[in-house]
Amino acid sequence: MTDERFAEKKVLLAPLDPVHDVGAKLIARALRERGHEVTLLQPDLSPEEVVSRARQVDPDFIMVSRTISYGTPELLARFADMCDAAGLRSSAKLVVGGMSIRKETAQELGFDAGFGPDTTPEEVADYVSGTFGLSTLASYEAVKPDLTRGYTYDFKDTEIGKLCLDIARGLIDWSAERTSPGIERARLRREIEEARLGGQVALASELRGRYSSLTGGDVRKWYETGESIPHTRPLSPEEAAAFDAMDDGVPAPLLSQKPLDSVNVIMQYGTGCPVMDAYHIRLSLAWGAKGAVHFDPSWGARTEGLAEGTFSHQHDGTVLTLENLRLIKRTVHPAALWQVRAHRGLNTPETVVLAHLAGADLTKVNIVYGSLGAGTDPTRLAVDGVECLRLAAEFGLPYDVVTNEELCGVPARKAFAGMLVVATAGALLGGRPILQPLFADSPEAMVSGFTEDNLVDFNAAKVLVLNGIIDAPIWPGAPVGFMTQTQDRCQSATMTALHAALGLRLGAEAVTIASSDEAYAGGPISAQARVDTLKSVAASLRFFGSSRIAPTARAEEMAADLRKGILETLTRVHERGDFVASLYEGLFGDREDGAYPGRAGRDTVTARR
Amino acid sequence: MRAKERILDACDIEAFFLCDDIEEGKRLGMALMGELGFSDVDVVFCEMAGPGARVRVRGYVNRPGSAYTWQREEGAVHDR
């Protein structure tokens, strides 16, 4: 049986306008592509002439357009009356569209439908086909992207490769003899979960007791006395139930938002509340994001141990617990990427375990950034970080190695040297690292004048140099455009969008974006700020299409300088013969650069039994 | 449920105020939000040029972790 919705229709298209007919032409094309028979009239015909042609054509749809606004209601009302009088309404639907049209006005004037600004030709074609409201809201068959597929991690630059391999092997050997409370807790967390899953209640309780003895500060108080962790509270049953109301057990579909469908734009979230996070994730995925990055509170990184249960937090960052992550995971579409970060702090191995248990697709590891730019003791993070690399490999969890120490002022050449060593260690351990150069206006770039002329060259140089060193995926972040955004919504969204488009056009596997609220510190990021930014990214990708962005010759020079600086840094670290000592001694970034070895977790590393 | 209570988190309003300086622009923005019934308000952005200031003001209706207006029993937002 033929579906009436898809039957061929006769459509008369007429611009009731002195000159404007582009929209009508685009709609005519869309209709013809779907097999409809279209009669497109020229502009500047009178209503009488259009009605006369309609009587000849005997269409199923009479579609008129109007761009200019003066006299529009009177003209359209008269046209509708004439169609009535001519008996056309019994066999044809009367439709009006154009820049001056509002749906409500069209209905008041007697039209069957009205299409205003922002209508796409496809929407009009859907209306004719009887599928309007379906395709624009329809999900698309997205496949979860694998950002690491096809990469070999072979070094193309053998000189740099040899140094990275030597240093990384030294780091792995060094860490093999050491452990930390963070590593022990990660092991216990796995055992607790296994015991719970196996119904071994007594064992789980005993393991939990051992776990709590390895915690510190407010988390220890929470385990021992139940005292609330400052600025947090348990989610109420009503809040937890919100997840059931939201999804009925099924994640919201990914909505088609071309051209974002074909790229991987990842957005950050971490409002503090899992319920609010869920809405921010859902709206971001609906507006074209391909994934989400979980932001946890910075205090959590400075405290030994993680609590259990679902929590809301009054400040930035959503508390890391397995239960919070599992709740949030429910809102992430199966085809979307979800990253849980383990790049700094005292709970990194356990965070990788939680990421795995909660079903995350990616994590984040960087010993150098966490040590020099995020306050964690280098020895501690080196031991924990290598454990993270081991765990990520075991779980098949890819991870980015981020160079956000550039934001502290560390030159890219030193940050990249650190990133390459950690990525090499990860690859040696069987993992799938992703290089995450900062795509932003860093202190180094500003002081050195690298971004004085444009913001393309230095970022392009980073991609050029990394592509020349190793066959590994690149995922600029995090987020792109850092320090270029202001509190001006338009400026902020534009800068984010251009950085994102640059990264993707230069061949990056993905980009992480913030929102147009990035530079606003007065309160939480708003939902509309996320939408603004995704719309801007989509527009910039539409603008550039598949065209290439050509940096100036300076980018090549910068890339050459970067390579030289990376080589010098690695040579010094290699000569020092001690990766961790190199962190303390500033070889990957010193105090003058703005890098300070962290203190959280100092003197907590012990010999591995 | 009132429209304001259906705001997920915050309401942004942008306007160009005819004013003499940036501080007056900010004051007008804040006053506007007060007139509209917002209490948790802030100036997100204000830039003065020519005859006045381009101002973006924000009223938070639901901060993360608060008792969300759209989650209240009567007319709560479901299946959205």
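**Note on the predicted model, chain A**

1. A:H294 sits in strand β9 (residues 291-294) of chain A; strands (E, at least two residues) and helices (H or I, at least four) are DSSP runs numbered from the N terminus. This is a predicted model, in which local features need pLDDT of at least 70 and side-chain atom pairs pLDDT 80 or more, while totals for chains, interfaces and linings use all residues. Residues are numbered from 1 along each chain as its sequence is written, chains are lettered from A and ligands numbered from 1 in written order, and side-chain values use heavy atoms, without hydrogens and water.

2. A:H294 counts as buried because its relative accessibility is 0% (buried: under 20% relative accessible area, 1.4 Å probe, protein chains only). A polar atom of its side chain lies 2.9 Å from the backbone oxygen of A:T318. Leaving out residues up to four places away in sequence, the residues touched by A:H294 include A:Y269, A:L325, A:W338 and A:R341 (contact: heavy atoms within 4.5 Å).

3. Domain 1 of chain A covers 4-129, and domain 2 covers 158-178 + 251-544 + 551-570 + 580-584; the bounds come from an automatic or database assignment. Their centres, taken over C-alpha atoms, are 49 Å apart.

4. Five strands of chain A form an open, parallel sheet in the order β2-β1-β3-β4-β5 (pairing: at least two DSSP bridges). β2 (37-40) and β5 (113-115) are the edge strands. The twist averages 20 degrees from one strand to the next (axes fitted to C-alpha atoms; angles from 0 to 180 degrees between N-to-C directions).

5. Strands β1 (residues 10-15) and β3 (residues 61-65) of chain A run parallel and are joined by 5 bridges. A:L13 has A:M63 as its bridge partner in β3(A).

Definitions and conventions:
Buried means under 20% relative accessible area, exposed over 50%, partly exposed in between (1.4 Å probe, protein chains only). A polar contact is a pair of N or O atoms within 3.5 Å; within protein, one must be able to donate a hydrogen and the other to accept it, and residues adjacent in sequence count only if both atoms are side-chain atoms.
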